[in-house]
Amino acid sequence: MPKISVPPKEIKDRLQEYARVHRYPMRDFIMQMLAVQYAASLDGNVRTICNGVIETDSIASVAINRINTLAICEMTKEVEWNILSINIDEEISKKPFSKHDEILWAKENNIPDERTMTCWTPVFENGVLYHCGECYACCERKAGFFNAKVIDKTNYYK
Ligand SMILES: [Zn+2]
């Protein structure tokens, strides 16, 4: 898997203050676009992209996924593409995943949540990557662990 920075390193510093309040503009869409491009670059026929989103993410909409699926099918002239978010698709899951649900799901499936990154403005200092501890995503993460009654092992900067 290629290591790609979203947003690009060249503009990330200038976006930090903006992102602290508003998020990185179009970040989730860019990640989805990169997933599609990565799938197209692979040998084989990967044409299903499954987003791991929760109900508060900007692309947490079945309608958005359908529009993006149609767009990629139209662009590539391939009808096999399918962009899904099973965590928020009420046709598949019983209710949209919240952060609390996501944390419980990770625990049930032995996913080391302390190794995941949700922060919009992470801090890299002395070789350690910290969650900022202050942005909306960090606050939602902290509340999710609290509500799930799971010990939060996240490295927060503040
Ligand atoms: Zn943060």
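Of the 158 residues of the protein, 20% count as buried, a residue being buried if 20 or more other C-beta atoms, placed from the backbone, lie within 10 Å of its own. The model is a predicted one, in which local features need pLDDT of at least 70 and side-chain atom pairs count only at pLDDT 80 or more, whereas totals for chains, interfaces and linings use all residues. Residues are numbered from 1 along each chain as its sequence is written.

The protein contains 5 helices and 4 strands, taken as DSSP runs (H or I, at least four residues, for helices; E, at least two, for strands) and numbered from the N terminus. From the N terminus on, these elements follow the order α-α-β-α-β-α-β-β-α.

An assignment that is automatic or from a database divides the protein into domain 1 (1-96) and domain 2 (98-158), and the C-alpha centres of domain 1 and domain 2 lie 20 Å apart. To the contact between them, judged by C-beta atoms, placed from the backbone, within 7 Å, domain 1 gives 8 residues and domain 2 gives 7 residues. Along its principal axes, the C-alpha trace of the protein spans about 50 × 40 × 30 Å.

Key
A residue is buried if 20 or more other C-beta atoms lie within 10 Å of its own, exposed if 12 or fewer, and partly exposed in between; C-beta atoms are placed from the backbone. Two residues are in contact if their C-beta atoms, placed from the backbone, lie within 7 Å.
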